[in-house]
Amino acid sequence: MYFYMAPLEGITGHVFRRTLCECFGSVDRYFIPFIKPNQHGHLSSRERQDVLPGNNPGMYAIPQILTNSVEDFARTARKLRQYGYQEINLNLGCPSGTVVSKKRGSGFLAFPEELDRFLDGVFEQTDAEVSIKTRIGKDSPEEFGRLLEIYNQYPVKELIIHPRVQKDMYRNHPNWEVFGEACKNSRHPVCYNGDLFCAEAYQKAKEAFPEVDRWMFGRGLLMNPGLCRQIRQSVGLDKETLRRFHDQLYRDYQEVMPGARTILFKMKELWSFLAPAFTHYEKYAKRIKKAEKLPVYEAAVDALFGEQQICI
């Protein structure tokens, strides 16, 4: 089995990826949150830091591009090749309204003929391997039959499928019927992505799709950073390793981010997923959320680790 970490914009940057890899491991591929090409062809400071090989030690990292322009994709791919990347992922899954309104991410899925021409140009002008992360349509699951016909025409390295449509956002249950059809009809290896929040959810999906050997975890790794290790090694999340993960992440954010407010925002975002891993977490989570100074935040975290137990 191959386990992937999903690219979550604003969350799974290079500091998070490196800390997760060092503390828990058990992930085979780490997907870098999308690069959005601009008219000048330059990477932003965040994008550049994310793709620097020195910021991704000991891991197989794959950058992702979000665009509907062949020229922008090809130009950015060439730049990424200079950093040593041999594989690039195309984002056709982002459901954000601002992205979709510009005919990017899952918004591009509503224009299959344009998407077909785009992919033709991408594979003609790009010498890197290209994988695709996609939803099953913009408005209806019935759109995916045509989309899969298009994907099957090109030498896609693998197809990572989140079996929801764009308008679902992250609501409703993933459409396993459509995903099952994709497994049968795709010419390319298929990876499952969607609602793998715990080991039990993974086992249920694995039983439903025994032919699948690639699994992508997103929010599940924020709720339990040791989830892939738990599945592979039957080692549950322990407080000591989680504390080391937290402290290293917190320390490294302080080294690369300006000001307490920015650091607290990042840590509070993590705790919005992670807090339910503890017993009786509610009052501690509230204290963390209200903290406006680092010492106050640190005291709340110390209390949670000291007074409660892991319950997942």
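**Surface, fold and a helix pair**

Modeller: Gladly! This is a predicted model, and its chain has an accessible surface of about 14100 Å², with 49% of that belonging to carbon and sulfur atoms.

Biologist: How many helices and strands does the chain have?

Modeller: Counting both kinds of element, there are eight strands, and the helices number 14. The radius of gyration is 20 Å, close to the 20 Å that the globule rule gives for 312 residues, so the chain is as compact as a globular protein of that length. Along the principal axes, the C-alpha atoms fill a box of roughly 55 × 45 × 35 Å.

Biologist: What percentage of the contacts between residues at least 6 apart in sequence join residues at least 24 apart?

Modeller: Burial first: 55% of the 312 residues are buried. As for contacts between residues at least 6 apart in sequence, the share joining residues at least 24 apart is 72%.

Biologist: Are α11 and α14 roughly parallel or roughly antiparallel to each other?

Modeller: Helix α11 spans residues 239-256 and helix α14 residues 294-307; their axes lie 12 Å apart, at an angle of about 170°. Angles over 145 degrees count as roughly antiparallel. The pair is therefore roughly antiparallel.

Biologist: Which residues of α14 does α11 meet, and how do the residues of this contact divide?

Modeller: From α11 come K239, L242, R243, H246, Y250 and Q254.

How values were computed: Residues are numbered from 1 along each chain as its sequence is written. This is a predicted model: local features need pLDDT of at least 70, side-chain atom pairs count only at pLDDT 80 or more; totals for chains, interfaces and linings use all residues. Side-chain values use heavy atoms; hydrogens and water are left out. Axes are lines fitted to C-alpha atoms, for helices over the stretch in contact, and angles run from 0 to 180 degrees between N-to-C directions. Helices (H or I, at least four residues) and strands (E, at least two) are DSSP runs, numbered from the N terminus. Angles under 35 degrees count as roughly parallel, over 145 as roughly antiparallel, 65 to 115 as roughly perpendicular and the rest as oblique. Contact means heavy atoms within 4.5 Å. The radius of gyration is taken over C-alpha atoms; the globule rule is 2.2 Å times the number of residues to the power 0.38. Buried means under 20% relative accessible area, exposed over 50%, partly exposed in between (1.4 Å probe, protein chains only). Accessible areas come from the Shrake-Rupley method with a 1.4 Å probe; for residues, only the protein chains shown count as cover.
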